[in-house]
Amino acid sequence: IPGPRRIGKTSLAREFMRRNKEHYHFIFFDLEGKRSLIEFCEDLLREMESKKMIFKDIWDTVSEMFSGVQSRIAEIRMKKLEFPLKDIMRTCENILKKLTEENMVLIMDEFSDFLFHLSDNKEAELFLSWLRSLRHKNYLRMIITGSVNITSTVEELNCMNYINDLPSIRINPLAKHEVLELLAALLKEKNIIIKEDALSFILDKLTDGIPFYLQLLVDKITDEL
């Protein structure tokens, strides 16, 4: 899901999670500000551990693997171990596979920001190739979002062959009538009515059609009442 900041990519992904929580197990990552694959693996482990009660019937089967990879990451952090990234990522993958036979969805927000900040191209290529191999497993699906263009970021890394299987869902800015519809829906929840001349003034200020700014506006109006 590519698109500029604040257009609603994360909201769309979270709404998909909300509507489908009975059908899928979700792991959500906010990758903005992350700088290494070790940080990614730490987040993955934290997310899996947070769902321990959901998988309580089979958690014992992965607990030893889980503890082992946590210890290796800790040793890496303390500079006592070389960087066996492939081994760590393979173990994380095995844990994912054991937790669920199907219907696992990884959602990675600000994916291109993460790629941009990885330490070198080899690390980015390892990450992209690992994700592509995961997408070929029948138990896992994947959603990625990016404010910086995902395709151009991967092109610069010469790694397009790792994402050419991903279709895009582009979120376009709202048209004028859609801005009015969303504004009316948001205000209705607050029991607020805006007169025609005020609506015209608002439309002149919200020409980019970004939903986030409409939400901010409604929040501000509500605060002032």
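**Salt bridges in a predicted model**

Glutamate 15 is partly exposed, at 26% relative accessible area. (Partly exposed lies between buried, under 20% relative accessible area, and exposed, over 50%, with a 1.4 Å probe and protein chains only.) This is a predicted model, where local features need pLDDT of at least 70, side-chain atom pairs count only at pLDDT 80 or more, and totals for chains, interfaces and linings use all residues. Residues are numbered from 1 along each chain as its sequence is written, and side-chain values use heavy atoms, with hydrogens and water left out.

Glutamate 15 has a partner. Its side chain meets that of arginine 19 in a salt bridge, 2.8 Å from N to O. (A salt bridge puts a side-chain nitrogen of Lys or Arg within 4 Å of a carboxyl oxygen of Asp or Glu.) Both residues sit in helix α1, residues 9–19. They are four residues apart, about one turn of the helix. Arginine 19 is exposed, with a relative accessible area of 62%.

The structure holds 12 salt bridges in total. Another pairs aspartate 165 with arginine 132, with 3.1 Å between their closest N and O atoms. Aspartate 165 lies in the loop between α7 (150–156) and α8 (176–189), and arginine 132 lies in helix α6 (residues 121–135), so this pair ties together parts 33 residues apart in sequence. Aspartate 165 is partly exposed at 32%. Arginine 132 is also partly exposed, at 21%.

Now turn to helix α10, residues 211–224. Here glutamate 224 and lysine 220 form a salt bridge, their closest N and O atoms 3.3 Å apart. Four residues, about one helical turn, separate the two. Glutamate 224 is exposed at 58%. Lysine 220 is partly exposed at 49%. Elsewhere, shared partners join Arg5, Glu32 and Glu110 into one salt-bridge network.

Step back to the whole protein. It has 10 helices and three strands. (These are DSSP runs numbered from the N terminus: helices are H or I of at least four residues, strands E of at least two.) From the N terminus the order is α-β-α-α-α-β-α-α-β-α-α-α-α. The C-alpha trace spans about 65 × 45 × 35 Å along its principal axes.

Of the 225 residues, 43% are buried. Among contacts (heavy atoms within 4.5 Å) between residues at least 6 apart in sequence, 77% join residues at least 24 apart.
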